[in-house]
Amino acid sequence: MKANSGFTLIELMTVVVIMGILTTASMAGYRQYVRRANRVDATSALLRLSTAQERFYLQNGHYATTADELSAPPPAGLGTPETERGFYELSIAPGGAGPEAGYAATATASASGAQRDDDDCRSFSIDQTGKRSASDAGGTESPAIIDRCWH
């Protein structure tokens, strides 16, 4: 009798299925890691915007009411009214007592960007006092969400 060497079709298909399962599991974890890393685009842009707002206030006696007002070249402004990588859109609203008293800056995941499917941290905000906030895709804001999104 002659001994057969090699793999059977069943053994080969078992290996392919196991590799598929491992690949699927690792890709899901990797995508979540990339989403968390991309959130830095929003937080760093808001911190830069906050600094630019303070410079604008010192020069003009009031806070800027639009991101376009802050788009002057650095060091006077941000250099651009959007986040560096384009994952988030920036917006500024005057504070409740007007632009002389404060502002609220928001970075919202761009509808066409890579972060559009980040349901955990859809938008980030900061105000003139440095108070940070964040909300998920449903608009829910909680201390746990703020902590997860800003850290």
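**Reading local features**

Modeller: Let us begin with Asp-136, which is found in the loop between β4 (132-135) and α2 (143-150). Helices (H or I, at least four residues) and strands (E, at least two) are DSSP runs, numbered from the N terminus. This is a predicted model, in which local features need pLDDT of at least 70, side-chain atom pairs count only at pLDDT 80 or more, and totals for chains, interfaces and linings use all residues. Residues are numbered from 1 along each chain as its sequence is written, and side-chain values use heavy atoms, with hydrogens and water left out.

Colleague: Is Asp-136 buried or exposed?

Modeller: Buried means under 20% relative accessible area, exposed over 50%, and partly exposed in between (1.4 Å probe, protein chains only). Asp-136 is buried yet lacks a salt bridge, that is, a side-chain nitrogen of Lys or Arg within 4 Å of a carboxyl oxygen of Asp or Glu. The nearest side chain of opposite charge is that of Arg-148, 5.7 Å away; Lys and Arg count as positive and Asp and Glu as negative, while His and the chain ends are not counted.

Colleague: Which backbone nitrogen does the side chain of Asp-136 reach at 2.9 Å?

Modeller: A polar contact is a pair of N or O atoms within 3.5 Å; within protein, one must be able to donate a hydrogen and the other to accept it, and residues adjacent in sequence count only if both atoms are side-chain atoms. Here the side chain of Asp-136 reaches the backbone nitrogen of Thr-140 at that distance, and that of Gly-138 at 3.1 Å. Contact means heavy atoms within 4.5 Å. Setting aside neighbours within four places in sequence, Asp-136 has contacts with Asp-119, Asp-120, Cys-121, Arg-122 and Ile-145.

Colleague: Where is Asp-127 placed, and with which side chain does its own side chain make a polar contact?

Modeller: Asp-127 belongs to strand β3 (residues 123-127). Its side chain makes a polar contact with the side chain of Thr-129 at 2.6 Å. Asp-127 is buried without a salt bridge, the nearest oppositely charged side chain being Lys-131 at 5.7 Å. Beyond neighbours within four places in sequence, Asp-127 is in contact with Tyr-103 and Ala-104.

Colleague: Where does Gly-86 lie?

Modeller: Gly-86 lies in the loop between α1 and β1 (88-94). Because its relative accessible area is 35%, Gly-86 is partly exposed. The C-alpha atoms of Gly-86 and Ala-42 are 9.2 Å apart, although 44 residues separate them along the chain.
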